[in-house]
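Please find below a colleague's note on the model under review. The points are numbered so that each may be checked against the coordinates.

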Amino acid sequence: MAHDDDSQALDRAYQPSPGLGVAVSDPVQNPGLPPHRERMTDKDPRAEKTAVRTVYTLFYLSLAGSIWAVAAYMLFPIESGALIDIRQNNLFIGLGIALALLALGIGAIHWSKALMSDKEHVELRHPTRGKDSTREAAIKAFADANEESGFGRRTMIRNSLFAAIVASIIPGVTLFRGLAPHSTPDDPTKGDPVALLKHTMWDEGMRLVRDPDGTPIRAADVTLGSAFHVIPEDLAELGHDEGYLEEKAKAIVLMMRLRPEQLIEAEDRKDWSYDGIVAYSKVCTHVGCPVALYEQQTHHLLCPCHQSQFDVTDHAKVIFGPAARPLPQLPITVDDEGYLIARSDFTEPVGPSFWERH
């Protein structure tokens, strides 16, 4: 808001061009502001007190809704995986969060309509960079707003608002706990990321099959420059309610064939490939996206999420991007019928790097 002297100075300094405007003898008159109508809270002190109680009651109701959402998270767990438990968890947590946000919003609106200053005024436009006096007036406007809204005086409303806002964040923070795996007495390593990601369905003698049809792959069918999306043979027998997606997310593999002389292999990994055929985990070591783009000429694997690149010829080492470590390699060989099989499981945890696995 500008001072009156500033506005008058601007009016004298700036004269708009008439352009194509045509002056008329009977221009539209400025109707001005309608007559001010006082609210009940302005005329009746009892109505004002009632409005104050209503506002902070709504804020405390929002606080209660946030507390209930946290309590519902613990009272209605979803670890069992039963559909009824999941429905109850979603229902009661959702009701708590809805109550918290709805009461907070209604309380803020009622506060502004019933208790804050109710004065109409016209605010004149002015240049973006005001004068020093204008900027001082802006600071004064904040002080006036604090006085007119009663934010500094109405301690019950202010304190209940702070409590409701802080509490409204807690349910969201609490729900993050549900994203982490939970250990149980029957499975104490269930919440351990090292144990969860170190072992997959791959095992000695397990055939490599195509994803998703489950067709076994002969070494003779893997041509130079080709890439196969591979899963363990036993995965096809696993039902969706038996952890199919979870196991597949850890065991997916990308297999390629290069010329044997193009491979740079450490002495302890000489037998991990077969006649130039190598297999690496398809799960990016950055944040777990599928590394599924293979460049035949450079023999690079590209993660489409954050552009990490891995060199297939050199143990899938990181050559670009944010990934912290190479892709884990699956040791492979062939069986008596010429089908590709795994020598063992991965020798290190698959997937993104984490605190225990850098």
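Predicted model: local features only at pLDDT ≥ 70, side-chain atom pairs only at ≥ 80, totals over all residues.

The points below take up the helix, the sheet, the cores and the cysteines in turn.

1. Helix H4. This helix covers residues 83-114, 32 residues in number, and extends 45 Å from its first C-alpha to its last. That span is close to the 46 Å expected at 1.5 Å a residue. The buried positions of H4 are Asn89, Ile93, Gly96, Ala100, Ala103, Leu104, Gly107, Trp111 and Ala114. These buried residues pack against four helices: H2 (40-43), H3 (45-75), H5 (132-149) and H6 (155-176).

2. The open sheet. Four strands make up an open sheet, in the order E1-E2-E3-E4, with antiparallel pairing. Strand E1 (208-210) and E4 are at the edges; each has a single partner strand, so one side of each lacks a neighbour in the sheet. On average, neighbouring strands of this sheet are turned by 40 degrees against each other, direction ignored. E1 and E2 run antiparallel and are joined by three bridges. Val209 is placed opposite Ile231 in E2.

3. The largest nonpolar core. Which residues touch the most other members of the largest nonpolar core? Among its 19 residues, they are Trp202, Leu208, Val230, Met255, Leu330 and Leu340. Two or more residues of this core come from each of strand E2 (227-232), strand E3 (253-257), strand E4 (277-281) and strand E10 (340-342). A second, separate core has 17 residues, including Met256, Leu258, Cys303 and Ala323. As general background, nonpolar side chains in soluble globular proteins tend to be buried together.

4. Surroundings of Val230. With neighbours within four places in sequence left aside, Val230 is in contact with Trp202, Leu208, Val209, Asp211, Ile217, Ala251, Ile252, Val253 and Met255. Of these contacts, Trp202, Leu208 and Met255 are also among the residues that touch the most other members of the largest core.

5. Leu293. This residue is found in strand E5 (residues 293-295). Leu293 is partly exposed, since its relative accessible area is 42%. Not counting residues up to four places away in sequence, Leu293 touches His300, Leu301, Leu302 and Pro304. Leu293 and Leu254 are 39 residues apart in sequence, while their C-alpha atoms are 9.5 Å apart in space.

6. The disulfide. The structure holds one disulfide, which joins Cys289 to Cys305 with an S to S distance of 2.3 Å. The torsion about its S-S bond is about -105 degrees, and the disulfide is therefore left-handed. The pair links distant parts of the chain, 16 residues apart: Cys289 lies in the loop between E4 and E5, and Cys305 in the loop between strand E6 (300-302) and strand E7 (309-311). Cys289 is buried, with a relative accessible area of 14%, whereas Cys305 is partly exposed at 36%.

7. Cys284 and Cys303. Cys284 is buried, with a relative accessible area of 1%, and Cys303 is buried at 2%. Cys303 is also one of the residues of the second core.

Definitions and conventions:
Residues numbered from 1 in each chain as written. Heavy atoms only, no water. Core = buried A, V, L, I, M, F, W, Y, C linked by side-chain atoms within 4.5 Å. Buried < 20%, exposed > 50% of the residue type's maximum accessible area, 1.4 Å probe, protein only. Contact = heavy atoms within 4.5 Å. Expected span 1.5 Å × (residues − 1). Pairing = 2+ DSSP bridges. Axes fitted to C-alpha atoms, helices over the stretch in contact; angles between N-to-C directions. Disulfide = S-S within 2.5 Å.
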